Amino acid sequence: MVVTGGGSLEPALVVDAARSLPGRGAWLHPDRRCLELAERRRAFGRSLRHAGPLDPGPIGEYLEAWRG
């Protein structure tokens, strides 16, 4: 996952399955429990070096679709 946006766009947390988006990336196990733990620990901001709040909703949606 990476943080996209900048300039006039609002920063957003997105899945980078192809590992091709620019910026600092982070890995997350494809498990809902790992996502919940990362949310509780506020790990996204630290690992991606982003000061503002990030919505993990798109990551959860991706995990649900990935699991089928």
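Start with helix 3, residues 57-67, where Ile59, Gly60 and Leu63 are buried (under 20% relative accessible area with a 1.4 Å probe, protein chains only; exposed means over 50%, and partly exposed is in between). Helices here are DSSP runs of H or I with at least four residues, strands are runs of E with at least two, and both are numbered from the N terminus. Looking down the axis of helix 3, the buried residues fall within an arc of 100 degrees, so they line one face of the helix (the arc is taken from the directions between the helix axis and the C-beta atoms).

A word on the model: it is predicted, with local features needing pLDDT of at least 70 and side-chain atom pairs counting only at pLDDT 80 or more, while totals for chains, interfaces and linings use all residues. Residues are numbered from 1 along each chain as its sequence is written, and side-chain values use heavy atoms, leaving out hydrogens and water.

Now hop over to helix 1. Glu36 and Arg32 meet there in a salt bridge, 3.9 Å from N to O (the term means a side-chain nitrogen of Lys or Arg within 4 Å of a carboxyl oxygen of Asp or Glu). These two are four residues apart in helix 1, so about one helical turn separates them.

Searching the whole structure turns up two salt bridges. Arg33 counts as exposed because its relative accessibility is 60%.

What about the loop between strand 2 and helix 1? Leu28 lies in that loop, and at 25% relative accessibility Leu28 counts as partly exposed. Leaving aside residues up to four places away in sequence, Leu28 touches Met1, Cys34, Leu35, Ala38 and Ile59. Ile59 brings us back to helix 3, where that residue is one of the buried ones. As for Arg40, twelve residues from Leu28 along the chain, the C-alpha atoms of the two are separated by 14 Å.

Conventions
Contact means heavy atoms within 4.5 Å.
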